[in-house]
There are 2 protein chains.
Amino acid sequence: MEFDVGARLKQIREQHGLSQRALAQRAGVTNGTISLIEQNRSSPSVSSLRKVLQGIPMTLAEFFSSDDLPPPEQIFFKGGELIELAGELKGTVGQVSFRQVGDLRSRNLQILHERYAPGADTGRTMLQHESEEGGIVIKGQIELTVGDRKQLLGPGDAYFFDSRVPHRFRNIGDVECELISACTPPYL
Amino acid sequence: MEFDVGARLKQIREQHGLSQRALAQRAGVTNGTISLIEQNRSSPSVSSLRKVLQGIPMTLAEFFSSDDLPPPEQIFFKGGELIELAGELKGTVGQVSFRQVGDLRSRNLQILHERYAPGADTGRTMLQHESEEGGIVIKGQIELTVGDRKQLLGPGDAYFFDSRVPHRFRNIGDVECELISACTPPYL
DNA sequence: AGGGGTTGTTTAATTTATTAAACATGGTAG
DNA sequence: CTACCATGTTTAATAAATTAAACAACCCCT
């Protein structure tokens with residue numbers, strides 16, 4: 001079990017664009033501490049390490065499970081170039097449109113432009129997958145159910161939840177609802 | 001970030017049918033150390049904790065990944081509850097507003113409602129961080145520069161790129177530009 | 001009842017991490 | 001060029017973790 005704590009901390013700190021001093025201040029420790037840890041000249045107590053990671057912020061679990069991500073290609077997309085995800089979602093009721101930014105080859109992030117006609121519904125069988133997702137409503141209203149919680153969201157409102165919890169979207173209004181959502185890792 | 005190291009260690013040790021002394025011997029530390037750690041009367045250095053876990057055996061990642069479900073979080077957000085990220089971005093020119101869905105403690109996904117006044121600009125020094133990001137324009141126009149590529153995007157248009165490539169957002173139009181973006185892992 | 005074995009806990013001495021402040025370097029503006 | 005930041009590094013003083021050994025409690029056996 002070799003895990004280079006110093007290198008890992010340095011990597012994460014730099015990924016977040018923080019200097020040793022900046023991180024130290026946010027974490028409530030001194031810059032010297034960060035320096036010594038990154039050189040593996042001292043091994044932080046987990047309470048110290050926890051303080052440091054709270055300045056990132058990042059959990060201890062995330063810190064010790066290192067993983068990396070790959071790079072994509074097309075950068076700009078005209079409105080018409082968004083990919084319509086047709087029929088990918090089974091069990092939907094009414095007219096639902098999911099338009100995706102880019103294909104999702106080797107991507108951790110899925111961004112969708114979603115439209116729900118009045119009465120449209122992702123279906124009685126609740127959605128469930130291993131992701132985090134969130135979004136912001138642009139137009140109309142949507143009723144979102146997450147687990148045992150339910151809420152009506154309007155323009156400017158937003159949501160965020162763990163996708164492992166069963167969820168469902170329903171347009172119970174009488175105008176089309178439009179929203180933009182993001183999901184990591186991708187669902188479809 | 002509540003993580004009870006003592007309780008966790010005790011749980012694991014007992015699950016493996018080891019006494020404090022037995023574990024201590026296999027780990028190469030003293031029984032007193034184990035006792036103090038389990039009572040949270042001392043916070044082990046990660047090097048100590050690693051030694052202890054080698055006696056189980058178990059990795060640090062496994063130790064900190066408590067496989068119980070996440071605690072109840074805020075799911076729904078009224079428009080006014082989005083968190084304004086003020087002054088977090090240095091070097092911006094003109095009026096820029098970043099409103100975030102939820103705090104981002106222990107989250108991999110950051111969703112922002114961004115507004116750029118006419119002339120607003122993320123600045124000469126290009127942005128750069130270890131993420132993937134993308135978004136969709138709702139209103140107005142934005143000029144996006146990514147590496148050596150530049151494009152003017154309007155309502156319905158979108159973008160997606162590797163955030164390690166230097167990038168910059170500029171509203172070169174004469175009306176406010178509004179867009180919704182997502183980023184994983186979070187930037188700020 | 002009394003040993004001998006285990007268990008987890010505590011305490012003073014020691015080792016180690018952490019602090020606060022200085023040091024050294026590099027870039028940038030005047 | 002000098003002055004001035006900001007960066008990461010080092011060092012003596014302090015705070016904290018770790019050790020080694022003793023302590024108390026419990027169980028089992030004769």
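Helices, here and below, are DSSP runs of H or I with at least four residues, strands are runs of E with at least two, and both are numbered from the N terminus. The model is predicted: local features need pLDDT of at least 70 and side-chain atom pairs count only at pLDDT 80 or more, while totals for chains, interfaces and linings use all residues. Residues are numbered from 1 along each chain as its sequence is written, and chains are lettered from A and ligands numbered from 1 in the order in which they are written.

A residue is taken to be near a strand if its C-beta atom, placed from the backbone, lies within 6 Å of it. By class, the surface near DNA strand C holds 15 polar, six nonpolar and two charged residues. In this division Ala, Val, Leu, Ile, Met, Phe, Trp, Tyr, Cys and Pro count as nonpolar, Asp, Glu, Lys and Arg as charged, and the others, Gly among them, as polar.

DNA strand D is likewise surrounded by 23 residues, the closest being Ser19(A), Gly32(A), Gly32(B), Thr33(B) and Ser48(B). At least two residues of the surface near DNA strand D come from each of helix H2 (20–27) of chain A, H3 of chain A and H3 of chain B. The most, five residues, is given by H3(A). This surface divides into 15 polar, six nonpolar and two charged residues.

Asn40(A) is placed between H3 and helix H4 (46–54) of chain A, and Asn40(B) lies in the loop between H3 and helix H4 (46–54) of chain B. Most residues other than glycine have a negative phi. Asn40(A), although not a glycine, has a positive phi of about 55 degrees, and Asn40(B) also has a positive phi of about 55 degrees. Asn40(A) counts as partly exposed because it has 13 C-beta neighbours inside 10 Å; a residue is buried with 20 or more other C-beta atoms within 10 Å of its own, exposed with 12 or fewer, and partly exposed in between, the C-beta atoms being placed from the backbone. Asn40(B) is partly exposed as well, with 13 other C-beta atoms within 10 Å. Neighbours within four places in sequence aside, Asn40(B) is in contact (C-beta atoms, placed from the backbone, within 7 Å) with Val5(B) and Gly6(B). Between Asn40(B) and Val5(B) there are 35 residues of separation in sequence, but 7.2 Å from C-alpha to C-alpha.

Chain A as a whole contains five helices and 10 strands. Of its 188 residues, 37% are buried. Among contacts in chain A with a separation of 6 or more, 65% are between residues 24 or more positions apart.

Strand E10 (residues 177–184) of chain A is largely enclosed by the rest of the structure, because seven of its eight residues are buried. Strand E4 (residues 110–116) of chain A pairs with E10(A) in the antiparallel sense over seven bridges; pairing requires that DSSP find at least two bridges between two strands. Strand E5 (residues 132–139) of chain A is also joined to E10(A), antiparallel, by seven bridges. Ser181(A) in E10(A) is the bridge partner of Leu112(A) and of Gly135(A).

In chain B, three strands form an open antiparallel sheet in the order E7-E6-E9. Strand E7 (149–153) and strand E9 (167–170) of chain B stand at the edges with a single partner strand each, so one side of each has no neighbour in the sheet. Strand E6 (residues 142–146) of chain B is joined to E7(B) by five antiparallel bridges, and Thr145(B) stands opposite Lys150(B) in E7(B).

The largest nonpolar core has 47 residues, of which Ile136(A), Ile142(A), Ile111(B), Ile136(B) and Ile142(B) touch the most other members. Another core, of 30 residues, lies apart from it and includes Ile34(A), Leu49(A), Leu53(A) and Ala24(B). Such a core is a set of buried Ala, Val, Leu, Ile, Met, Phe, Trp, Tyr and Cys residues joined through C-beta atoms within 7 Å.

Technical notes. Two residues are in contact if their C-beta atoms, placed from the backbone, lie within 7 Å.
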